[in-house]
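Subject: Handover of a structure and notes on its contents

Dear colleague,

Please find below the structure that I am passing on to you.

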Amino acid sequence: MNARSGFPTLRQVVLDGTDARRLAEFYRQLLGLSYRPGDEPPPAGSPDPVGQDWLVLRDADGRPQLAFQQVATLPEPTWPEGPRPQMLHLDLTVPSTADLDRQHDRALGLGARLLHDRSADPEEPLRVYADPAGHPFCIFVADPMTGPAGG
């Protein structure tokens, strides 16, 4: 509990996936995070028992940011329409449209799929993607602390 406020503290966001390691690697590379000690991938060709359970990514100060839980099956959301709505999505910000375009290329190169492109919007340029497990996430132009609310 946050001793100063009397409220719980948000520790991390947890994403389920049928390949927790692949999903963790996607976000590790996209966001520049690092594994919690002991969660790092094993050498190539070695078994990955940790990657079949629970993985945590931390920021540069060692604070947990995202965790990944292995599940047997996971129906992919059909956002923006269809029988399976998104239950949660991540909002990521960049400071300029040039950065939005750079991150677009990076996200696609890491395995994201573009779901919606509103990058020409003069008020809030954004793109919505699906990560390798199908979870939607947005990248939009805004000040990370005070900008528009996003997707």
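The model is a predicted one: local features need pLDDT of at least 70, side-chain atom pairs count only at pLDDT 80 or more, and totals for chains, interfaces and linings use all residues. Residues are numbered from 1 along each chain as its sequence is written, and side-chain values use heavy atoms, with hydrogens and water left out.

The strands

Helices (H or I, at least four residues) and strands (E, at least two) are DSSP runs numbered from the N terminus, and two strands pair if DSSP finds at least two bridges between them. Four strands form an open sheet with mixed pairing, in the order β5-β8-β7-β6. Its edge strands, each pairing on one side only, are β5 (90–94) and β6 (113–118). From one strand to the next, the twist averages 20°; axes are lines fitted to C-alpha atoms, for helices over the stretch in contact, and angles run from 0 to 180 degrees between N-to-C directions.

Five bridges hold β6 in antiparallel pairing with β7 (residues 126–130), and arginine 118 stands opposite leucine 126 in β7. Helix α2 (residues 97–110) lies across β5, β6, β7 and β8 (136–141), at about 15° to β7; contact here means heavy atoms within 4.5 Å.

Elsewhere, β2 (residues 34–35) and β3 (residues 54–58) run antiparallel and are joined by two bridges, with serine 34 having arginine 58 in β3 as its bridge partner. Strand β3 also pairs in the antiparallel sense with β4 (residues 64–70), over five bridges; valine 56 stands opposite alanine 67 in β4. The hairpin of β3 and β4 has five residues between the strands, and glycine 62 takes a positive phi near 85° there.

Two buried residues

Buried means under 20% relative accessible area, exposed over 50%, and partly exposed in between (1.4 Å probe, protein chains only). Alanine 107 is located in helix α2 and counts as buried because its relative accessibility is 0%. Leaving aside residues up to four places away in sequence, alanine 107 touches Phe26, Leu30, Ala112, Tyr129 and Phe137.

Glutamate 25 belongs to helix α1 (residues 20–31) and is buried, at 17% relative accessible area. Its side chain makes a polar contact with the side chain of tyrosine 35 (2.6 Å). Such a contact is a pair of N or O atoms within 3.5 Å; within protein, one must be able to donate a hydrogen and the other to accept it, and residues adjacent in sequence count only if both atoms are side-chain atoms.

The salt bridges

The whole structure contains eleven salt bridges, each being a side-chain nitrogen of Lys or Arg within 4 Å of a carboxyl oxygen of Asp or Glu. One of them joins the side chains of aspartate 48 and arginine 21 (2.8 Å, N to O). This pair links distant parts of the chain, 27 residues apart: aspartate 48 is in the loop between β2 and β3, and arginine 21 is in helix α1. Aspartate 48 is buried at 19% relative accessible area, and arginine 21 is buried at 9%.

Glutamate 124, buried at 10%, forms a salt bridge with arginine 118, their closest N and O atoms being 2.8 Å apart. Arginine 118 is partly exposed, at 30%.

Yours sincerely
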